[in-house]
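Hello,

Here is the structure I promised to send over. Please have a look at it when you have a moment; my notes follow below.

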Amino acid sequence: MSRMKTYDGPASDHFNGLHFFDPDGAPPKSLREVLRWQFGGKRQRAKWPDWVPSPHADTPPARVDGDKVRLSFVGHASWLIQAGGLNILVDPVWSMRASPVAWAGPKRHNDPGISFDHLPKIDVVLVSHGHYDHLDIATLSRLAKNFAPRVVTPLGNDVTMRSSDPTIKVEGFDWHDRVELGGGIAVHLVPTRHWTARGVFDRNKALWASFVLETPAGKIYVVCDSGYGDGRHFRRVAEKHGPLRLAILPIGAYEPRWFMRDQHMNPEDAVKALADCGAQDALGHHHGTFQLTDEAIDAPAKALVEALDAAKIPQQRFVAMMPGQVVEI
């Protein structure tokens with residue numbers, strides 16, 4: 001792992017020449033804190049059922065043209081977004097485990113909402129950061145073999161992909177870059193409150209980001225992983241990219257709060273993030289597929305209902321998605 005290839009570029013306001021950092025964020029927890037969470041003796045980890053199939057499954061159309069956008073939830077943080085004649089995958093993971101090895105690590109508790117064999121031709125893939133539940137080399141290699149899509153990712157993750165599989169057509173971009181995708185679609189990479197690593201020795205040697213997609217139906221803010229902090233990341237997106245038609249916000253992987261608060265939102269945080277970014281509607285993801293943290297499998301969806309009620313926001317404005325569900329705007 002220490003010989004892993006990593007990003008080598010000029011220093012900036014969020015890269016010191018060796019590591020990326022968020023000037024308005026928080027560093028990842030230390031190994032000591034990881035061990036305290038995992039083995040501290042007071043851990044209360046809910047047991048998930050072995051298999052919780054979704055009642056939904058999607059077979060998407062070949063293309064979506066005109067002013068419509070079709071969003072299909074694959075599971076966890078994986079989406080198929082169809083707009084402007086383009087088929088865009090976000091953080092695609094079709095593997096059984098979110099792990100560097102096939103025999104250990106967080107395992108799926110339901111099938112992807114779209115069978116891989118039912119995917120239309122994929123034109124573009126967006127990968128938000130390097131954690132294994134978001135950057136899955138096996139899936140990216142399979143996509144490269146079948147469709148040869150263009151892959152857009154924050155700086156350094158392109159090095160990871162290229163060193164693992166040179167056939168992946170990947171391009172690395174920095175925060176605030178705007179990338180034309182074709183068909184009138186463009187994507188902005190925007191700062192998000194998180195971090196990344198693939199191993200023990202490469203913490204924050206690649207960058208992480210959220211995405212703002214320009215589409216014929218309006219702008220879509222895709223947040224694959226983020227803590228809330230004081231909300232400034234979300235308010236800045238509203239100021240720079242608003243108005244937003246839709247926000248895709250994480251609602252899971254948040255317990256225990258002392259450990260997860262800086263990097264992962266809970267549903268109450270996500271409701272505040274919706275208010276901060278000003279999106280018209282929101283979809284909740286990053287829950288119910290891989291057990292990464294300690295809350296129950298159905299806790300995020302239940303807590304989202306309570307948080308919306310407490311904030312006096314109509315339930316239909318922010319829906320917790322299940323794999324295979326489809327939304328059109």
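**Two helices side by side**

Let me start with a pair of helices: the axes of α4 and helix α6 (residues 267-277) come within 7 Å, crossing at roughly 25°. Because angles under 35 degrees count as roughly parallel, α4 is described as roughly parallel to α6. The crossing of α4 and α6 is right-handed. On the α4 side, Phe234, Arg235 and Ala238 make the contact, and they meet Ala273, Asp276 and Cys277 of α6. Please keep in mind throughout that this is a predicted model.

**Around β11**

Helix α4 (residues 232-241) also has a part in the strand arrangement: together with β10 and β11 it makes a right-handed β-α-β unit. Strand β10 (residues 218-222) and β11 run parallel and are joined by 4 bridges.

Strand β11 itself (residues 244-250) is mostly covered, with 6 of its 7 residues buried.

**Around β5**

Why is β5 largely enclosed by the rest of the structure? The reason is that 4 of its 5 residues are buried.

β5 pairs with strand β4 (residues 124-126) in the parallel sense, over 3 bridges. Val124 has Arg150 in β5 as its bridge partner. From β4 the chain passes through helix α2 (residues 137-147) to reach β5, and this β-α-β crossover is right-handed.

β5 is also joined to strand β6 (residues 169-173), by 5 bridges, and the two run parallel. A pair to look for there is Val151 and its bridge partner in β6, Val170. With helix α3 (residues 157-164), β5 and β6 make a right-handed β-α-β unit.

**To recap**

When you open the model, I would begin with β5, which pairs in the parallel sense with β4 and runs parallel to β6.

Best wishes

Technical notes. Residues numbered from 1 in each chain as written. Predicted model: local features only at pLDDT ≥ 70, side-chain atom pairs only at ≥ 80, totals over all residues. Heavy atoms only, no water. Buried < 20%, exposed > 50% of the residue type's maximum accessible area, 1.4 Å probe, protein only. Pairing = 2+ DSSP bridges. Right-handed = clockwise from strand over helix to strand, strands pointing away. Axes fitted to C-alpha atoms, helices over the stretch in contact; angles between N-to-C directions. Parallel < 35°, antiparallel > 145°, perpendicular 65-115°, else oblique. Left-handed = near helix turned anticlockwise from the far one by under 90°. Contact = heavy atoms within 4.5 Å.
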